[in-house]
Amino acid sequence: MVIGSAMSAEFDDVPGWTAEAVEQLGERHAIPAACRGSASPAALAWLAEACELAPGIRLLDVGAGAGGPAAWAAERFGVTPILLEPMPAAGRAAVRLFGLPVVAADGRRIPLRTASVDAAWCLGVLCTVREKAAMLAEIRRVLTPGASLGLLVVLARGPQFLPAPDGNHFPTGGELLGLLTGAGFEVVEQIDQPTDAPLSWTRRAEQVAEVVASRHRTDPAFRLAAHQGERFARLFASGQIAVRLVHAISRTS
């Protein structure tokens, strides 16, 4: 199995198909579907409150995917989102679904000025990057001093006896703390993944997933993405990985 193909299937092909399915089912499906696999409403609400999001704040979403979390934050807190997304189909899906500005780049080389954004999110992305320290340092560079970073991170809870999904490298809690400190952040608070999404949200996301499956289940990319999801499910069920929400601030010196 080619790692690049698996990651492209999960983070590029599926978001593109998701946008098509949302257009069939209606715009109320857009945010739940575009958040699938990245965050629940409870997780987004915790991060938004922790980061003290408010109208006019420039929020950089690093690895924004199809734009669901950024659209949620714009709708509920009035932020001005900037989406950073290297996968072309995912970026097009964000524009198509929400009309949000997308910068086609990844978190290791952010084409923004130093100290040019007020807050940043990075949701479910850090475990897919080998150069974690470099990405966190780059996020720190573009944040204003004292600004907030909200993370949703999949952590390793001990030795992994089951294979990780292709392209994923899970840090331990201690490794994550060291990475953040080394990049110039101070961890303010962190919690385990909060309550799952309500039924109304889950139902809409699943309806979109069903349309995608009905159209693309014979596509090799769909099978690759499904295999990735199955690997994640086994690791979560075995307790070898867990989701952590983190609020950190960029140190002023």
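Q: Which residues of α3 are buried?
A: They are Pro41, Ala43, Leu44, Trp46, Leu47, Ala48 and Ala50. "Buried" means under 20% relative accessible area, with exposed over 50% and partly exposed in between (1.4 Å probe, protein chains only). This is a predicted model, where local features need pLDDT of at least 70, side-chain atom pairs count only at pLDDT 80 or more, and totals for chains, interfaces and linings use all residues. Residues are numbered from 1 along each chain as its sequence is written, and side-chain values use heavy atoms, leaving out hydrogens and water.

Q: What makes helix α3 mostly covered?
A: Seven of the ten residues in α3 (residues 41-50) are buried. The helix label comes from DSSP: helices are runs of H or I with at least four residues, strands are runs of E with at least two, and both are numbered from the N terminus. Just after α3, glutamate 52 has a positive phi of about 55 degrees.

Q: Why does alanine 30 count as buried?
A: Its relative accessibility is 4%, so alanine 30 counts as buried. Alanine 30 sits in helix α2. Leaving aside residues up to four places away in sequence, alanine 30 touches Val22, Leu97 and Phe98; a contact means heavy atoms within 4.5 Å.

Q: How do you know that the protein is as compact as a globular protein of that length?
A: First, the parts: there are nine helices and seven strands. The radius of gyration is 17 Å, close to the 18 Å from the globule rule for 253 residues, so the protein is as compact as a globular protein of that length. That radius is taken over C-alpha atoms, and the rule is 2.2 Å times the number of residues to the power 0.38. Of the 253 residues, 51% count as buried.

Q: What lines the second largest pocket?
A: It has 14 lining residues, and Glu27, Arg28, Ile31, Pro32 and Glu75 lie nearest its centre. α2 (30-35), α4 (68-77), α5 (88-98) and α8 (199-216) each supply at least two lining residues. About 210 Å³ of space lies in this pocket.

Q: Why is a space called a pocket and not a cavity?
A: On a 1 Å grid over the protein atoms alone, a cavity is a set of points where a 1.4 Å probe fits but cannot get out, while a pocket is an open set with protein on both sides within 12 Å along at least five of seven lines; lining residues have an atom within 4 Å of a point. Grid points are joined across faces, edges and corners, and a volume is the space filled by probe spheres set on the points.
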